[in-house]
Amino acid sequence: LQTTSDMASPCPLTTEIYSSLAFHIVQWCIFYSCFSSVIVVVYSFICFHYKHPFEQCTKELITTLYFYVALYSSTQVFNQGTLLFYRYSATSPCEAQVPRVLCVPRMLGSSIVPSFVVLHISLTIQRVLST
């Protein structure tokens, strides 16, 4: 519920988000999980990708999947890092708003999620057909 001081604020939604502990916990969890994901993808690609005897089609799918996971995770690290930067560098809740210029890249970073579903389904079908 909004208090009287929140309603008087020129940016009530930003004020509510700025003071939400749950929102910030989720932000940090997304940031760290995506950062960890990039590290794990790079490590597993370097260490295991060429050592396993997959057929060429499966290797191409796995490489594409690695690329999309790394791209998505990197954009989410950037997105959350930007939000956290504006949150912690703001002196008031209204200053914590992200500029509009950064909103489009934030949306583009989230738009590749359906590709994960397609890649996982195609990899699963390919593995089922090959066994």
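This is a predicted model: local features need pLDDT of at least 70, side-chain atom pairs count only at pLDDT 80 or more; totals for chains, interfaces and linings use all residues.
Q: What share of the residues is buried?
A: Of the 131 residues in the protein, 31% are buried.

Q: And among contacts between residues at least 6 apart in sequence, what share joins residues at least 24 apart?
A: That share is 71%.

Q: Where does UniProt place the transmembrane region?
A: The UniProt record, an unreviewed entry, puts the feature "transmembrane region" at residues 25-46.

Q: Turning to His-24, which helix holds it?
A: His-24 is in helix H3, which covers residues 21-48.

Q: Is His-24 buried or exposed, and why?
A: His-24 counts as buried because its relative accessibility is 8%, and the cut-off for buried is under 20%.

Q: Which residues does His-24 touch?
A: Leaving aside residues up to four places away in sequence, His-24 touches Ile-17, Tyr-18 and Arg-87. With Arg-87 there is also a polar contact between the side chains, at 2.8 Å.

Q: What about Leu-84: where does it lie?
A: Leu-84 lies in helix H4, a helix that runs over residues 56-89.

Q: Why does Leu-84 count as buried?
A: Leu-84 is buried because its relative accessible area is 5%, and buried means under 20%.

Q: Which residues are its contacts, meaning those Leu-84 touches?
A: Not counting residues up to four places away in sequence, Leu-84 touches Gln-27, Trp-28 and Phe-31. The C-alpha atoms of Leu-84 and Phe-31 are separated by 9.3 Å, and the two residues are 53 residues apart along the chain.

Q: Where is Leu-65, and is it buried or exposed?
A: Leu-65 is also a residue of helix H4. At 13% relative accessibility, Leu-65 counts as buried.

Q: How far is the C-alpha atom of Leu-65 from that of Val-41?
A: These C-alpha atoms are separated by 9.6 Å, with Leu-65 and Val-41 lying 24 residues apart along the chain.

Q: Moving on to Gln-126, which helix is that?
A: Gln-126 is found in helix H6, residues 113-130. Its relative accessibility is 15%, so Gln-126 counts as buried.

Q: Now the largest pocket: what is its volume?
A: The largest pocket has a volume of about 320 Å³.

Q: Which lining residues are closest to its centre?
A: The largest pocket is lined by 14 residues, and those closest to its centre are Ile-17, Leu-83, Ala-96, Gln-97 and Val-98.

Q: Which elements give two or more residues to that lining?
A: They are helix H2 (12-18), helix H3 (21-48), helix H4 (56-89) and helix H5 (103-110).

Q: Which of them gives the most?
A: Helix H2 gives the most to the lining of the largest pocket, with four residues.

Q: How do the lining residues divide into nonpolar, polar and charged?
A: The lining of the largest pocket comprises eight nonpolar, four polar and two charged residues.

Methods
Residues are numbered from 1 along each chain as its sequence is written. Side-chain values use heavy atoms; hydrogens and water are left out. On a 1 Å grid over the protein atoms alone, a cavity is a set of points where a 1.4 Å probe fits but cannot get out, and a pocket is an open set with protein on both sides within 12 Å along at least five of seven lines; lining residues have an atom within 4 Å of a point. Grid points are joined across faces, edges and corners, and a volume is the space filled by probe spheres set on the points. Ala, Val, Leu, Ile, Met, Phe, Trp, Tyr, Cys and Pro count as nonpolar, Asp, Glu, Lys and Arg as charged, and the others, Gly among them, as polar. UniProt positions are given in the numbering used here, feature names are shortened, and annotations may be inferred rather than shown by experiment. Buried means under 20% relative accessible area, exposed over 50%, partly exposed in between (1.4 Å probe, protein chains only). A polar contact is a pair of N or O atoms within 3.5 Å; within protein, one must be able to donate a hydrogen and the other to accept it, and residues adjacent in sequence count only if both atoms are side-chain atoms. Contact means heavy atoms within 4.5 Å.
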